[in-house]
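User: I have a model open and want a quick tour. Can you start with the terms and then walk me through it?
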Amino acid sequence: MLGHARVSRPKVCFVPTASGDAPAYLDQFLSAFQSRACEPSFLPLFRRELDDAALRTFLLSQDVVYVGGGNTANLLAVWRAHGVDRLMCEAYDRGALLCGISAGANCWAEGSHTDSFGPLTFLQDGLGLLSGSVCPHYDSEPGRRSSYQAAVATGALPAGWALEDGVGALFVDGLLTEAVTRTPQAHLYRVEPYREKGATERALPCLLLPEAQ
């Protein structure tokens, strides 16, 4: 991720909104990034400290925005209440690398597959910076695969991308340019509607990261 930032020592902001700004999650982020060639920081919104002007200045100064996992629906609602949704779009237009895991991947697309409401379902909501839909945890949670395919097949969600755990996908100007994995045999899938009330999945090659070999 850091290797794709626009500068050699990027400012990296962790946004843990989806977990309710969980302190343990912040500790994990700092433990992972403090020793690396970057300047880590985080954005709390449940105990917000910045006014609107300072919030905009802070977010737009970041080279990388990393969004943590949790509840996708709550994440989007809180962002909109504070205007963070608009700032994320502005940061993207200015060249920041926007990324994340689970809910932090869902939020960038037009729609997503989520357990934000308890049972697995579709969420026809997102920032729309990535066209189509996203489904995380495609291989690790019972029912994910079949439920996402059903949502795409019926048109509840547009065609999109399903990621098995350990897979990362890089999009540039909306186009997939790279897929990597830290889990051997894990895949990224393109899921699209097929004929009447059906869906197809197409596995795409992923480069196994050196530390996983």
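Analyst: Two strands pair if DSSP finds at least two bridges between them. Helices (H or I, at least four residues) and strands (E, at least two) are DSSP runs, numbered from the N terminus. This is a predicted model: local features need pLDDT of at least 70, side-chain atom pairs count only at pLDDT 80 or more, and totals for chains, interfaces and linings use all residues. Residues are numbered from 1 along each chain as its sequence is written, and side-chain values use heavy atoms, with hydrogens and water left out.

User: OK. How do β5 and β7 run, and how many bridges join them?
Analyst: They run parallel, with three bridges between β5 (residues 109-114) and β7 (residues 130-135). Ala109 has Leu130 as its bridge partner in β7.

User: Which sheet is that, and in what order do the strands come?
Analyst: It is an open sheet of six strands, ordered β6-β5-β7-β8-β11-β12, with mixed pairing. β6 (121-123) and β12 (198-204) are the edge strands, each pairing on one side only. From one strand to the next, the twist averages 25°. Axes here are lines fitted to C-alpha atoms, for helices over the stretch in contact, and angles run from 0 to 180 degrees between N-to-C directions.

User: Which helix lies across those strands?
Analyst: Helix α6 (residues 144-154) does. Contact means heavy atoms within 4.5 Å.

User: And the four-strand sheet, what's its order?
Analyst: The order is β2-β1-β3-β4, in an open sheet with parallel pairing. Its edge strands are β2 (39-42) and β4 (97-100), and each pairs on one side only. The twist averages 20° from one strand to the next.

User: How many bridges between β1 and β2?
Analyst: Four, in the parallel sense. Phe14 stands opposite Phe42 in β2.

User: Switching to the core. Which residues touch the most other members?
Analyst: Val15, Trp79, Met88 and Trp108, in the largest nonpolar core, which has 26 residues. β1 (11-15), α2 (52-60), β3 (64-67), α3 (72-82) and α4 (84-93) each supply at least two residues of this core. α3 gives the most, with five residues. Apart from this core lies another, of twelve residues, among them Val12, Phe29, Phe33 and Cys38.

User: What counts as a nonpolar core?
Analyst: A set of buried Ala, Val, Leu, Ile, Met, Phe, Trp, Tyr and Cys residues joined through side-chain atoms within 4.5 Å. In soluble globular proteins, nonpolar side chains tend to be buried together.

User: What does Met88 touch?
Analyst: Val15, Val65, Trp79, Leu98, Trp108, Leu127 and Leu129, not counting residues up to four places away in sequence.

User: Which α3 residues are buried?
Analyst: Thr72, Ala73, Leu75, Leu76, Val78 and Trp79. The buried residues of α3 pack against β1, β3, α4, α5 (103-106), β5 and β6.

User: How do α3 and α4 cross?
Analyst: Their axes come within 5 Å and cross at roughly 90°. The two helices are therefore roughly perpendicular; that class covers 65 to 115 degrees, while under 35 counts as roughly parallel, over 145 as roughly antiparallel and the rest as oblique. Trp79, Arg80 and His82 of α3 meet Val84, Asp85 and Met88 of α4. Just after α3, Gly83 takes a positive phi of about 75°.

User: Which side chain makes a polar contact with the Trp79 side chain?
Analyst: That of Thr17, at 3.2 Å. A polar contact is a pair of N or O atoms within 3.5 Å; within protein, one must be able to donate a hydrogen and the other to accept it, and residues adjacent in sequence count only if both atoms are side-chain atoms. Thr17 sits in the loop between β1 and α1 (23-33). Thr17 is buried, with a relative accessible area of 2%.

User: Last one. How many bridges join β9 and β10?
Analyst: Six, between antiparallel strands β9 (residues 167-172) and β10 (residues 175-181). Their hairpin has two residues between the strands, and Asp173 takes a positive phi near 55° there.

Key. Buried means under 20% relative accessible area, exposed over 50%, partly exposed in between (1.4 Å probe, protein chains only).
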